[in-house]
Amino acid sequence: QVQLVESGGGLVQAGGSLRLSCAASGRTFGRYCMGWFRQAPGKEREFVAAIAQSAGTTYYTDSVKGRFTISRDNAKNTVYLQMNSLKPEDTAVYYCAADDSGSYYYTASDTGEYDYWGQGTQVTVSS
């Protein structure tokens, strides 16, 4: 069992930056593919970014490429999402998730592939 706790959300003006963190419990963090998803009011949860067990392998949805960066620190059991040049359309609840079924270089992008989820953190971008 893995417990995930997100932090770092808040209110920011368009063009600003935020850094989300997700702290994981347990001693096997390095075995998980980690992902970030988001859900805006009235919309389905959507994939944002993922990072494989191999920290050099990342994957992003097109709308955040060049603006968001996912990274992980296995020594701290933490995954991060650096969000720059934020837009009002980035407003959503952001969720961290862990997938323990993939290979060393695999980046999961479907919600059904993830086994564990955090409680979410609100990000609001004002125009």
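Modeller: A disulfide is defined here as a pair of cysteine sulfur atoms within 2.5 Å. By that rule the count comes to one disulfide, and C22 and C96 are joined by it, with an S to S distance of 2.1 Å. Please note that this is a predicted model, in which local features need pLDDT of at least 70 and side-chain atom pairs count only at pLDDT 80 or more, while totals for chains, interfaces and linings use all residues. Residues are numbered from 1 along each chain as its sequence is written, and side-chain values use heavy atoms, with hydrogens and water left out.

Biologist: What is the handedness of the link between C22 and C96?

Modeller: The link of C22 and C96 is left-handed, with -75 degrees about the S-S bond. C22 lies in strand β3 (residues 18-24) and C96 in strand β9 (residues 92-99), so the pair ties together parts that are 74 residues apart in sequence. Strands (E, at least two residues) are DSSP runs, numbered from the N terminus.

Biologist: Is C22 buried or exposed?

Modeller: C22 is buried, with a relative accessible area of 0%, and C96 is buried with a value of 0%. Buried means under 20% relative accessible area, exposed over 50%, and partly exposed in between, using a 1.4 Å probe and protein chains only.

Biologist: Turning to β9, which strands pair with β9?

Modeller: Two strands pair if DSSP finds at least two bridges between them. Strand β4 (residues 33-39) pairs with β9 in the antiparallel sense over seven bridges; there, Q39 has V93 of β9 as its bridge partner. Strand β11 (residues 121-126) runs antiparallel to β9 and is joined to it by three bridges, with A92 opposite V123. Strand β10 (residues 116-117) is antiparallel to β9 over two bridges, and A98 stands opposite Y116.

Biologist: How many residues of β9 are buried?

Modeller: Seven of the eight residues of β9 are buried, and the strand is mostly covered.

Biologist: A change of topic: where does Q13 lie, and is Q13 buried or exposed?

Modeller: Q13 lies in strand β2 (residues 10-13). Q13 is exposed, with a relative accessible area of 61%.

Biologist: Which residues does Q13 touch?

Modeller: Not counting residues up to four places away in sequence, Q13 touches V125 and S126. Contact means heavy atoms within 4.5 Å.

Conventions. Helices (H or I, at least four residues) and strands (E, at least two) are DSSP runs, numbered from the N terminus.
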